[in-house]
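Q: I am new to this structure and would like to learn how to read it. Could you walk me through it, feature by feature?

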Amino acid sequence: MTIPLRRSSAGGTRLGRALAWTLGLLLAFAVVPAAVGPTPARADNPIVQHVYTADPAPLVHDGRVYLYTGHDEDGSTYFTMKDWRVWSSADMVNWTDHGSPLGLATFGWASADAWAGQAVERGGRFYWYMPVKNRATGRMAIGVAVADSPTGPFRDALGHPLVENGEIDPTVFIDDDGQAYLYWGNPNLWYVKLNADMTSYSGGPTRIPLTTAGFGTRTGDPNRPTLYEEGPWVYKRNGLYYLVFAAKCCSEFIAYSTAPGPTGPWTYRGTVMPTQGGSFTNHPGIVDFKGNSYFFYHNGALPGGGGFTRSVAVERFSYNADGTIPTIGMTNTGAPQVGTLDPYVRQEAETIAWGSGIETEPAGDGGRDVGWIDNGDYIKVKGVAFGAGASSFTARVASGSGGGTVELRLGSPNGTLVGRCGVPSTGGWQTWTSVTCPVGGATGTQDLYLRFTGGSGYLFNIDWWRFTPAAS
Ligand code: FUB
């Protein structure tokens, strides 16, 4: 991206966003061309509501999709980004917050700009490539972090940049023959062949020729004759290599090119996603998951959202019969749910289809909990398969104040009440206890709303929950 005129971003404080949610949904729908009307119960896009996220990089592993994102700071008026975030889902609508297993501080040599990266798996390890500013040179460089789990913790694999030429936005593709390629660049487009260790490379960075045949024609900028701007995403499907990228500036749209091999020659194929959505950048990520194809992107759709306060969203799509990608529009509904969520096993409270007013935080047990809960805040969990019915609900809770109530509602935040669980004061925000209450009328597959009520101020934290099935 070339940064256009800076503009200040409204909102962005936690309190501001919390207050804004219910009314603010209408705002969100106003900036995103919507496929359906402003019905909060159906709004599941953007994916995350309690922090701003950007630059999606999905990874499918072991039956889940892991989503690696950047993190725009609240109220940001530049790409003020200090850490990266990880989310995961088994069904594309209920997303678990895994927090931030990687930040600028992980790279002792980095000073700023935790920008767009991608994580890949090889040999049971997870390698996360990202652009950051090298303190010593003042230039953007590509670093690599490694972990034994998709959710980290990640550590700096090298203690220095993997490669540095002042350009950004790494993407990694591993071909069928095992050769891995690192692509990156703005304003140029580069690749280098990674060695099998994924943290070193052979040969030097090679510049991919940015021809108009390969990357389309840009008008009005003699320095940048092609549409290629940044944010490459490379993959292979049915023997064809795809390079999806952020095109033109600004505002960007998403375009793609294809090639018979991983290094080209590339042929421009057109638009994937037109300019939409209240952010002057966009950023692609594409995966197949459980038999469907998904396109991840970002926009400025949340209250307070804009070019520096972005949010990651997802759409399901189908390739055309000839392998071309259809034009995909932003929606506020997002992808359909794949399967259902089982309420009879422990579910982390930070597994959320839509959250209103809440935040998440590291919990004392090493996981995460949902906190900063005010009266009226809620969590939507979509497609909960109650089957023949639930008899009770148990939650792990803590309260450093007077506690409150977890209301269990179906269909909407004010929908049918099927249970109420009182939460006492536990004497501390990380002093946990379990509460259980009876449930009646929760049958079939329902959107469950955990609605939190009580007095003023923060009420309690919730770590996990589980229903007990009615005896048959
Ligand atoms: O998020 C910072 C930068 O904005 C990314 O590196 C670019 O791809 C653009 O999305």
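A: Gladly, and let us start at the ligand: one of its oxygen atoms is 3.3 Å from a polar backbone atom of A116. That is a polar contact, meaning a pair of N or O atoms within 3.5 Å; within protein, one atom must be able to donate a hydrogen and the other to accept it, and residues adjacent in sequence count only if both atoms are side-chain atoms. Bear in mind that this is a predicted model, where local features need pLDDT of at least 70, side-chain atom pairs count only at pLDDT 80 or more, and totals for chains, interfaces and linings use all residues. Residues are numbered from 1 along each chain as its sequence is written, and side-chain values use heavy atoms, with hydrogens and water left out.

Q: How many residues surround the ligand, and which are the closest?
A: A residue is near a molecule if one of its heavy atoms lies within 4 Å of it. Here 13 residues surround the ligand, and D55, A116, D169, H283 and R310 are the closest. The side chain of D55 has an N or O atom 2.4 Å from a ligand oxygen. For the side chain of D169, the corresponding distance to a ligand oxygen is 2.5 Å.

Q: Into which domains is the protein divided?
A: Domain bounds come from an automatic or database domain assignment. In this protein, domain 1 covers 21–317 and domain 2 covers 347–469. Their C-alpha centres lie 33 Å apart.

Q: How many residues of each domain are in contact with the other?
A: Contact means heavy atoms within 4.5 Å. By that rule, 20 residues of domain 1 touch 18 residues of domain 2. Another way to read an interface is buried area, the accessible area (1.4 Å probe) that two parts lose on being put together, summed over both. The two domains bury about 1600 Å² between them, with 47% of it on carbon and sulfur atoms.

Q: What is the count of salt bridges between domain 1 and domain 2?
A: Side chains of opposite charge can pair when their charged atoms come close. The rule for a salt bridge is a side-chain nitrogen of Lys or Arg within 4 Å of a carboxyl oxygen of Asp or Glu. There are 3 between domain 1 and domain 2, and the structure holds 16. In another, the closest N and O atoms of D44 and K382 are 2.7 Å apart. Because D44 sits in the loop between α1 and β1 (52–61) and K382 in strand β28 (residues 378–387), this pair ties together parts that are 338 residues apart in sequence. Helices (H or I, at least four residues) and strands (E, at least two) are DSSP runs, numbered from the N terminus.

Q: Where does N188 lie, and which residues does N188 touch?
A: N188 is in the loop between β13 (180–184) and β14 (190–194). Leaving aside residues up to four places away in sequence, N188 touches E167, R207, L210 and Y228. Its side chain makes polar contacts with the side chains of E167 (2.7 Å) and R207 (2.9 Å).

Q: Which peptide bonds are cis?
A: One of them runs from G152 to P153, with omega near 5°. P153 is in the loop between β9 (140–147) and β10 (155–156). Another joins C249 and C250, with omega about -25°.
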